[in-house]
Amino acid sequence: MTELILTSVQYCVIAAISIWLLSKIIQRLQLSLAKNPSLGGHLRWAKRITKWIPGYSYKDQDWYRIDHAPEHIEQTRRTALLALGEDLHRHYAKTLALSQQAKPMIPDLQFISHYRVPYQFREVLQQHVALGSFWRQSDGVWLTDLDGNRLIDVTGSYGVNVFGQDFYKACIAAGSQLVQELGPVLGSYHPCVLDNIQRLCKISGKEQVSFHMSGTEAVMQAVRVARYTTGKNKIVRFTAAYHGWWDDVQPGPGNPMPPSKHTLTLREMHANTLRVLRNRKDIACVLINPIQAMHPNQAAPTDSTLVDGGRRAHFDREAYTNWLKQLREVCTKKGIVLILDEVFLGFRLAQGGAQEYFGIQADLVTYGKTLGGGLPIGIVCGNTNVMTRFHNEHPADICFARGTFNAHPYVMGAMNVFLRQLETQEIQTLYRDLDTTWSARQALLNQRLSLEGLPLKVNGLSTVWTVLFDTPSCYNWMLQFYLRREGIALSWVGTGRMIFSLNFSDEDFDAFCQRFIRAAHHMAKDAWWWTPEGQTNKLIRRRMLLEMLRQRFH
Ligand SMILES: Cc1ncc(COP(=O)(O)O)c(C=O)c1O
């Protein structure tokens, strides 16, 4: 009898362990199924593989004919590169000289000039072509460099520039005047802070606001309070989505440490992700960057990864809205904090930001960039139940987050002017006509490109566009240099992202189109879009893979 009882106890223990093990296996399986099959969805693997990618450069002829172009095409390209380099050096002499002088002492500058093009092309390219990194002046949609060249600004100042640089100059000037009697006193507030908070609460539909110094910090804080409030550890963010440069959310290579095991990188717009959210009990928050609606599960397009013509982008507002609503529903049911990271898109899509544009309410919203009226800022908005950083019943259990420059009076002043300006008739009209205006402009440019027989088009979300290439060429990334020569200023990611400010008039936009088309014609004439018979994007990628393997193991 005793033996039998013991056996039953043993049986129960074994059964319990088996059930536990099975549930772990199922959980693990569900997690694997919710990962994007790309390397971006498997960051630990991606991290390992980065160490295996060999550094090498195309030399001499190979550089000009990596696609096995015939000799006359190689010659055309060679002559064109020399001419392009000479033109840029002649016209941008002072700007380039200062950039070259500063570069050895600014790691950021070294980094971005290193990653403007696919790395195999960098060495030879840099012997001929350089781009400056200094500006002297901004006005309207124009930037003027140290040589007096005027370029159309689609850099977007990393997204800060929503309303045009003059608008921010005015915010900073009026904001500084507003707070100048107080000066840079920190730790308490200038009275305009109350007005800022009230306006932000109204815009975000939340009860509280916390101030930080950058978008990265705002997202860090949002995640921190979400963990504190829920008592759970894991954060879910989506493949390739950018949320600042801190370790837990680094979207791809670029982080010296492997991504934390508390970060789950899941597949955006996928039912398997919803299943993980539904079935797990340890998820504190879900982070969404709505710019990913343009290219779910893919990294933001840059010219440094433009090895072929396979860049894709397509914004489907209805599908993305639907996805956000599903996320909202599951997060509400499971007590997961839904964080909408509007650092980039906030105030660019609508006055009420992405929440208004997509018709959802997040639990926490982060803003930054443009909201500082031209000065550095990060903001978290949320309701009291998520934002409170202490428990009265456990006084030592706190969520500490301070920052010396939080709510700096000059930033608050500029923000106050920014927020008040949003109410003006002029800005309201801009917002009202936003989608119609920019969809029409996108269609217009695409129509002109097509009429001119040029193998490229643009696509995007409102005023954030990317250039798409019809030709499976290994040299599409060259376009950024032609655009610079024609007087279009792009950020370091090149044609991957063009960010327009809303103050573009029809005349400004026409000037942009003319320059863009001219640059593309030169690019075509210089044979960068020549391709061998039967060339496809797939073949280019396969060739590159073999080339890397050869380099790795030769
Ligand atoms: C969506 C999003 N979140 C966070 C950040 C980080 O903001 P910051 O560069 O101000 O730290 C960015 C920056 O581009 C962003 O686009």
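Analyst: For sorting linings, Ala, Val, Leu, Ile, Met, Phe, Trp, Tyr, Cys and Pro are nonpolar, Asp, Glu, Lys and Arg are charged, and the others, Gly among them, are polar. By that scheme, the second largest pocket is lined by eight nonpolar, eight polar and two charged residues. This is a predicted model, where local features need pLDDT of at least 70 and side-chain atom pairs pLDDT 80 or more, while totals for chains, interfaces and linings use all residues. Numbering starts from 1 along each chain, and side-chain values use heavy atoms, without hydrogens or water.

User: What is the volume of the second largest pocket, and which residues are closest to its centre?

Analyst: Its volume is about 410 Å³. Of its 18 lining residues, Tyr189, Ser210, Phe211, Arg389 and Arg402 are closest to the centre. Lining residues have an atom within 4 Å of a pocket point.

User: Which strand gives the most to that lining?

Analyst: Strand E4, residues 208-212, with five residues. A strand here is a DSSP run of at least two residues, a helix one of at least four.

User: Why is Ser157 called partly exposed?

Analyst: Ser157 has 30% relative accessibility, so it counts as partly exposed: under 20% would be buried, over 50% exposed, with a 1.4 Å probe and protein chains only. Ser157 sits in the loop between strand E3 (150-153) and helix H8 (165-179).

User: What makes Tyr158 exposed?

Analyst: Tyr158 reaches 52%, so it counts as exposed. Tyr158 is also in the loop between E3 and H8.

User: What is phi at Ser157 and at Tyr158?

Analyst: Ser157 has a positive phi near 45°, and Tyr158 one of about 60°. Neither is a glycine. Most residues other than glycine have a negative phi.

Technical notes:
On a 1 Å grid over the protein atoms alone, a cavity is a set of points where a 1.4 Å probe fits but cannot get out, and a pocket is an open set with protein on both sides within 12 Å along at least five of seven lines; lining residues have an atom within 4 Å of a point. Grid points are joined across faces, edges and corners, and a volume is the space filled by probe spheres set on the points.
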